[in-house]
Amino acid sequence: MTRDQAVREMAVVMDEVRRGVWVAPRPLRATPARGAMPSFEKFAGTWVARQREEGGRRQTGLSAAGQADLQWRLEHLLAHFAWMPMDEITVSDVDDFRLAKVREGALGATSINKMLTTLAAILETAVEYELIARNPAQGRERRLPAIKPHRSWLDRAEHITALLDAARAIDRESRTGVGLRRPLIATLLFAGLRVGELMALRWSDVDLARGTIRVRQAKTDAGVRIVHVLPVLRGELAERRDRVRAGPSELVFGTSSGRPLGASNIRIRVLARAVQRANAELEARGRQPLPAGLTPHSLRRTFASLLFAIGEPPTYVMSQMGHTTAGLTLALYAREMNRRDGEHGRLSALVAPRPPQIGTGTISSTSTTLARHITSHREMTVDLRSPPLRV
């Protein structure tokens with residue numbers, strides 16, 4: 001301030017002193033102490049760097065997927081706390097952040113609670129370093145009440161067929177003519193890959209001769225696995241490989257320039273369009289539409305339903321899904337085993353169909369393709385006890 005402003009301010013203060021109402025101002029923190037207290041952005045950056053090297057369940061560092069997830073949470077936290085010194089973050093600030101995320105309406109309770117958990121972990125480290133006296137993000141009252149997620153999947157053969165037919169129809173209308181949508185959706189349906197696993201899949205990971213897909217980049221150690229390819233998927237992938245003529249190091253599902261597809265593109269431009277097209281076709285035939293809220297992860301659950309339908313045990317399904325715990329696997333198993341609507345037989349026919357009988361009516365294009373390519377694992381084995389064929 002200028003000298004005149006200082007004189008006027010001093011006069012006001014002296015008048016308050018004479019009247020006995022003057023209150024001493026809060027002392028300013030000394031410059032060295034101010035410089036020693038890091039901002040949330042600086043401290044959180046150091047914390048995240050350490051987590052990348054020492055985090056994870058085995059404290060050996062985070063996987064690529066784990067790093068991406070942590071970075072996503074941090075970006076939301078930095079938008080609210082970046083500039084704040086660590087010792088000035090209060091419980092009220094944490095509650096304001098939670099309320100702001102709720103009002104945005106873009107994230108569910110689970111996602112917001114994950115951000116609050118990360119915030120609490122960062123602040124707890126600051127407590128251990130004696131930068132702050134207490135953790136303002138600690139306590140269950142800081143969290144949103146858990147909401148049971150709505151899990152959807154396709155458990156009817158008619159719906160699976162309709163979705164694949166719709167994807168093929170959109171592929172035929174595409175300007176590129178490469179046909180990406182149907183084999184991509186088929187891979188989600190018949191191999192159960194997560195979106196991140198699908199985006200990172202390369203042709204060197206696909207062995208069509210042996211019928212396997214090697215998943216290298218996964219969220220957990222159990223996610224690194226070998227998936228046994230159902231014969232129908234083998235045909236879809238073989239057709240795509242012949243069309244794109246890609247090398248071993250190239251992505252199975254990439255853009256025209258060879259870059260990875262984005263998760264949003266898979267959800268919106270591939271799956272959502274196919275679902276919309278399938279529902280239109282089903283409505284035209286007077287059939288029930290696909291379940292609401294279908295996501296790529298819904299197709300992963302569909303893969304589990306298909307394996308249960310053909311009689312695979314839960315332990316095998318768990319290994320193929322890359323689950324670390326059997327909770328979700330057994331929940332799906334119990335639901336599928338309790339069905340009495342005859343859908344088990346239809347799903348089994350979809351995965352391991354018998355040759356169509358003459359005069360039984362028409363079959364959809366997808367069912368015809370499935371009948372050509374799919375046989376059960378048991379039918380593909382050779383009975384070594386049978387005598388050799390004589391030519």
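Reader: Hi! Which residue in β3 is the bridge partner of Thr212?
Author: In β3, Thr212 has His228 as its bridge partner. A quick note on what you're looking at: this is a predicted model, where local features need pLDDT of at least 70 and side-chain atom pairs count only at pLDDT 80 or more, while totals for chains, interfaces and linings use all residues. Residues are numbered from 1 along each chain as its sequence is written, and side-chain values use heavy atoms, leaving out hydrogens and water.

Reader: How many bridges join β1 to β2?
Author: There are 2, between β1 (residues 206-207) and β2 (residues 212-215), and these strands run antiparallel. Two strands count as paired if DSSP finds at least two bridges between them. β2 also pairs with β3 (residues 225-228), over 4 bridges and again in the antiparallel sense.

Reader: So what's the order of the strands in the sheet?
Author: The order is β1-β2-β3, in an open, antiparallel sheet of 3 strands. β1 and β3 are at the edges with a single partner strand each, so one side of each has no neighbour in the sheet.

Reader: What's in the hairpin of β1 and β2?
Author: It has 4 residues between the strands, and Gly211 takes a positive phi near 75° there.

Reader: Which residues other than glycine have a positive phi?
Author: Glu130 is one of them, with phi near 60°. Glu130 sits in the loop between α6 (109-128) and α7 (157-173). Arg245 is another, at about 50°, in the loop between α10 (231-244) and α11 (263-284).

Reader: Are Glu130 and Arg245 buried or exposed?
Author: Glu130 is exposed at 71% relative accessibility, and Arg245 is exposed at 72%. Buried means under 20% relative accessible area, exposed over 50%, and partly exposed in between (1.4 Å probe, protein chains only).

Reader: New topic! Which residues form the nonpolar patch on the surface?
Author: Met10, Met14, Val17 and Trp22, with about 400 Å² of accessible area together (Shrake-Rupley method, 1.4 Å probe; for residues, only the protein chains shown count as cover). Val17 lies in helix α1 (residues 3-19) and is partly exposed at 41%. Patch residues have over 30% relative accessible area and no salt bridge; like charges are joined within 9 Å, and nonpolar side chains (Val, Leu, Ile, Met, Phe, Trp, Tyr) within 5 Å. A salt bridge puts a side-chain nitrogen of Lys or Arg within 4 Å of a carboxyl oxygen of Asp or Glu.

Reader: Last one: how many helices does the protein have?
Author: It has 17 helices, along with 3 strands. Of its 391 residues, 38% are buried.
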